[in-house]
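Thanks for coming, everyone. Let me put the model up and then walk you through a few spots.

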Amino acid sequence: MVLLQPDPFLNELTNMYERTKEKGSVWVTFKRSSMKSKAKRKKMESAGEVIEYRCLVRATDSKKTISTSLSAKDYLRFQASYATVLKAHMNALKKRERKDKKKSAEGEKKPADQSKSASKPNA
């Protein structure tokens, strides 16, 4: 896993989206992290020191994993840039197949009506 600065991270994320445009997925996760081991955090808490939590952002396309760490001050600027990257690559998403409620309801009724008329004996 490569820890990058926020701007190179966004550039590499854009490259990941380009590589997976035809086939593949990119997974992005956001996680709160202090970037310290559990033992150090407990020691700092017991000493009364303030722990600065950061936002750890990871992205993977199953071949390569990249990450960046953001402070609270940088988060809003990063989020705006990240939204721009996402909007630029939304066209690679698959269209969802939607079923019309009316058509599916009519399709279910017709076979049922036909089976009733077939079971009635003719006089």
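By helices I mean DSSP runs of H or I, at least four residues, and strands are E runs of at least two, numbered from the N terminus. Quick caveats: this is a predicted model, where local features need pLDDT of at least 70 and side-chain atom pairs count only at pLDDT 80 or more, while totals for chains, interfaces and linings use all residues. Residues are numbered from 1 along each chain as its sequence is written, and side-chain values use heavy atoms, with hydrogens and water left out.

Now, what sits in the middle of the largest nonpolar core, touching the most other members? That would be Phe-9, Leu-13 and Phe-78, out of 14 residues. A core here is a set of buried Ala, Val, Leu, Ile, Met, Phe, Trp, Tyr and Cys residues joined through side-chain atoms within 4.5 Å. Helix 1, strand 3 (54–60), strand 4 (65–70) and helix 3 each supply at least two of its residues, and helix 1 gives the largest share, 5 residues.

Look at Phe-78: leaving out residues up to four places away in sequence, Phe-78 touches Pro-6, Phe-9, Leu-10, Phe-30, Val-57, Thr-68 and Leu-70, where touching means heavy atoms within 4.5 Å.

Last one: helix 1 (residues 6–19) passes helix 3 (residues 72–88) in a right-handed crossing.

Methods. Axes fitted to C-alpha atoms, helices over the stretch in contact; angles between N-to-C directions. Left-handed = near helix turned anticlockwise from the far one by under 90°. Buried < 20%, exposed > 50% of the residue type's maximum accessible area, 1.4 Å probe, protein only.
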